[in-house]
Amino acid sequence: MKIKSPKDFWSGLMFIASGAFFAIWAVTHYQMGTAVRMGPAYFPAMLGGLLVVLGLMILAGSLAIKGPAVPHFFFRPLIMISLGLVLYGYLMKPLGLVGATAALVYVGAFGGHEFRWKEATVLYVILILFSWLVFVKGLSLPFPLWPEAYS
């Protein structure tokens with residue numbers, strides 16, 4: 001059996017693996033219940049099962065229909081954006097919304113192939129204003145705006 005579409009083949013395997021993981025995790029950690037009285041594992045198990053079925057269909061299609069090869073994967077954007085999100089979570093309390101958002105925007109922007117300080121700064125200012133308006137003023141969430149020393 002020859003793989004005619006490597007991109008679809010690996011996508012199908014990814015869907016099967018993630019669907020099986022979540023279905024098995026839900027069933028082993030929570031009660032399943034029935035269709036009439038659904039338990040906490042019912043919805044994740046069903047979605048995981050549907051994801052496995054979708055993955056099998058994509059995988060079968062990759063063996064029958066010719067498709068594109070897998071493109072070159074760049075790790076830098078994935079690593080830098082993930083690092084920016086983790087920094088945001090860890091820096092929110094000590095640096096406040098202003099400092100944590102700065103870390104998120106600048107570290108995430110550094111993951112791109114073209115880093116421009118001016119564009120990142122404009123994005124940062126817009127994101128701070130939007131976050132302040134929505135979360136602090138609109139929803140009245142108790143986010144610290146500034147580092148703890150300045151509060």
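Does Ser 131 count as buried or exposed, and at what relative accessibility? In this predicted model, Ser 131 counts as buried because its relative accessibility is 8%, below the 20% limit for that class.

View 1. The side chain of Ser 131 reaches the backbone oxygen of Leu 127 at a distance of 2.8 Å. When neighbours within four places in sequence are left aside, Ser 131 is in contact with Leu 97 and Val 136.

**View 2. Contacts of Leu 97.** Residues up to four places away in sequence are not counted here. Leu 97 touches Tyr 88 and Met 92, and also Ile 128, Ser 131, Trp 132 and Val 136. Phe 143, Pro 144 and Leu 145 complete this set of contacts.

**View 3. The largest nonpolar core.** Ten residues form this core: Met 92, Leu 97, Val 98, Ala 100, Ala 102, Val 105, Ala 120, Tyr 124, Ile 128 and Val 136. The elements that give two or more residues to the core are α3 (75–110) and α4 (117–138). Helix α3 gives the most, with six residues.

**View 4. The buried residues of α4.** Ala 120, Tyr 124, Ile 128, Ser 131 and Val 136 are the buried residues of this helix, and they pack against α3. An α-helix has 3.6 residues a turn, so residues three or four places apart point the same way.

**View 5. Course and end of α4.** A kink of about 30° in α4 is centred on Trp 132. The end C-alpha atoms of α4 are 30 Å apart, which agrees with the 32 Å that its 22 residues should span at 1.5 Å a residue. Ser 140, which follows α4, has a positive phi near 55°.

Note on methods. Residues are numbered from 1 along each chain as its sequence is written. This is a predicted model: local features need pLDDT of at least 70, side-chain atom pairs count only at pLDDT 80 or more; totals for chains, interfaces and linings use all residues. Side-chain values use heavy atoms; hydrogens and water are left out. A nonpolar core is a set of buried Ala, Val, Leu, Ile, Met, Phe, Trp, Tyr and Cys residues joined through side-chain atoms within 4.5 Å. Buried means under 20% relative accessible area, exposed over 50%, partly exposed in between (1.4 Å probe, protein chains only). Helices (H or I, at least four residues) and strands (E, at least two) are DSSP runs, numbered from the N terminus. Contact means heavy atoms within 4.5 Å. A polar contact is a pair of N or O atoms within 3.5 Å; within protein, one must be able to donate a hydrogen and the other to accept it, and residues adjacent in sequence count only if both atoms are side-chain atoms. The expected span of a helix is 1.5 Å times one less than its number of residues. The bend at a residue is the angle between axes fitted to the seven residues ending there and the seven starting there.
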